[in-house]
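Subject: Handing over the structure

Hello,

Here is the structure I promised to pass on to you. Please open it beside this email, and then read on for what was found in it.

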Amino acid sequence: MDAVDLSRLQFGLTIAFHYIYPPFSIGLGLCLVIMEALYLRSGEALYQQVTRFWVRVFGLTFAIGVATGIVMEFQFGTNWAAYSRFVGDVFGSALAAEGIFAFFLESGFLALLLFGWERVRPRTHFLATVMVCLGAHFSAVWIIVANSWMQTPAGFRIVGEGLAARAETTDFWQVVFNPSTLDRLSHTLAGAWQAGAFLVLSISAWYILKGRHLEFAKASFRIGLAVAVVATIASALTGDSSARTLATTQPPKLAAMEGVFPTSAPAGLHLFGWVDTEARRVHGPEIPGMLSWLVHFDATAPIVGLDAIPREDWPPVQRVFQAFHLMVALGFVLLALALTALFLLWRGTLFSTRWLLRLFVPAVVAPQLANQLGWMVAEFGRQPWIVYGVMRTAHGVSPRVSAAEVWISVVLFTIIYLLLFVLFIYLLDKKIRHGPLPEDLVVTGRRAWT
């Protein structure tokens, strides 16, 4: 592997490890706001105990997320210096906004969220919870803005020539609201809500199956399920909207996602399959005309196929196709789980249906896998461009970094991240086995909301 492929591998590994934690923080942040609002509204100590336990889990995911995210930004200067110089004016503004408006907001109120229960009024503590939740969401907003600009660049011009050429912002709001921002942001947030909700559901289901902390676990499960149902439905709707946008903004990515080669109507929807790139066909079951209908609401409308695109501009078709179909399959599994649980909750039999609760315990992994696969679809599908249609990935790497140097850093980063992951699992397991603290129930509330 050369320095370009190794730099891509290193950045991919860094993002994959880091992206385990922000979705948990974003989803848990939303759950915390709901839990504490219920406590303030009802004055029931149970909801305060629920909130205080999940705040501790949130603090753990936030801390590990920050530790794994710092390295990511350094890599822009070490492995991707040519890219950073070229897009620094555009890309840097979004990252700076993330630091100013999101990270400081989240960090500033975190101490109050973690340690302020007996030190401030209930409403003030709730304000801290809301601010931390908003900070986590704003962080996602600016990261998605920066990444979406790489997918569908807008609001810039190229100044200079040759090695001195660089992108310069001409309209900041076009950069922010580039053609793919809103679709990708809504889909990413829905995926993060799923991750946080299914973490709550998984741990709560385990407590119920073990017969421990039953009231606490059932209250947590109901809140997690409400968020999960909304998030899974939102994820399906926003995913559909995002895929339709690709038809006009990034046709090669959409063609690779469904293995469309000829630009001829109608285009079918493959349920699964294997792409034979040389023969330019997909082996697998297909619903004729379905992709055309989903994109254009017309089963006979054409979809731009890979045959209409120069071979050197194709993304890695097999990887994009498989990642996309696995992500969609996981999405349907999560939707089925959430809706089945909602139906049984309505029937009053949810907490006695042990087979379903057993499914929820490992289901915490599914949203994480779906998020990782979705990110792979986005990033592999953009290749061979680092800024779509503007700068190729091979031109963005640092020219003076050797393959041997990147190999060394890949190995070191992988070891460090694995140690951090083991530490995260150890601490999370410890918190789960310890469970909610009995003294959290002592602080009974009057109706603090009124």
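In which sense do strand S1 (residues 156-159) and strand S2 (residues 166-169) pair, and over how many bridges? They pair in the antiparallel sense, over 4 bridges. Two strands count as paired if DSSP finds at least two bridges between them. Helices (H or I, at least four residues) and strands (E, at least two) are DSSP runs, numbered from the N terminus.

Before we go further, two notes on the model. It is a predicted model, in which local features need pLDDT of at least 70 and side-chain atom pairs count only at pLDDT 80 or more, while totals for chains, interfaces and linings use all residues. Residues are numbered from 1 along each chain as its sequence is written, and side-chain values use heavy atoms, with hydrogens and water left out.

**The hairpin**

Back to S1 and S2: they form a hairpin with 6 residues between them. In its turn, Gly-160 has a positive phi of about 80°.

**Empty space**

Rolling a probe the size of a water molecule over the atoms shows where empty space is left. The search runs on a 1 Å grid over the protein atoms alone: a cavity is a set of points where a 1.4 Å probe fits but cannot get out, and a pocket is an open set with protein on both sides within 12 Å along at least five of seven lines. Lining residues have an atom within 4 Å of a point. Grid points are joined across faces, edges and corners, and a volume is the space filled by probe spheres set on the points.

The second largest pocket has a volume of about 610 Å³. Its lining has 21 residues, and Phe-24, Val-364, Val-365, Ile-425 and Leu-428 lie nearest the centre. The elements that give two or more residues to this lining are helix H1 (3-18), helix H7 (181-210), helix H13 (365-382) and helix H14 (403-434). H14 provides the largest share, 7 residues. By type, the lining of this pocket divides into 16 nonpolar, 3 polar and 2 charged residues. Here Ala, Val, Leu, Ile, Met, Phe, Trp, Tyr, Cys and Pro count as nonpolar, Asp, Glu, Lys and Arg as charged, and the others, Gly among them, as polar.

How many cavities of 30 Å³ or more does a search of the whole structure find? It finds 1. About 40 Å³ of space lies in the largest cavity. Among the residues lining the largest cavity are Gln-10, Phe-17, Phe-413 and Tyr-417, and H1 and H14 each supply at least two residues of this lining. The lining of the largest cavity has 5 nonpolar residues, 3 polar ones and no charged ones.

**Aromatic rings**

Rings of Phe, Tyr and Trp (its six-membered ring) pair if their centres lie within 6.5 Å; planes under 30 degrees apart count as stacked, over 60 as edge-to-face and the rest as tilted. By this rule the count comes to 19 aromatic pairs. One of them joins Trp-149 and Phe-156: the ring centres are 5.4 Å apart and the planes stand at 80°, so the pair is edge-to-face.

Are these two residues buried, partly exposed or exposed? Buried means under 20% relative accessible area, exposed over 50%, partly exposed in between (1.4 Å probe, protein chains only). Trp-149 is buried, at 1%, whereas Phe-156 is partly exposed, at 22%.

The rings of Phe-221 and Phe-360 are also edge-to-face, because their centres are 5.3 Å apart and their planes are at 80°. Phe-221 lies in helix H8 (residues 214-249) and Phe-360 in helix H12 (residues 354-360), so this pair ties together parts that are 139 residues apart in sequence. Phe-221 is buried, with 0% relative accessibility, and Phe-360 is buried at 0% too.

**Backbone details**

Gln-383 and Pro-384 are joined by a cis peptide bond, with omega about 10°. Pro-384 sits in the loop between H13 and strand S7 (385-387).

Arg-280 is not a glycine, yet it has a positive phi of about 60°. Look for Arg-280 in the loop between strand S4 (274-276) and strand S5 (281-283); it is partly exposed, at 38%.

Enjoy exploring!
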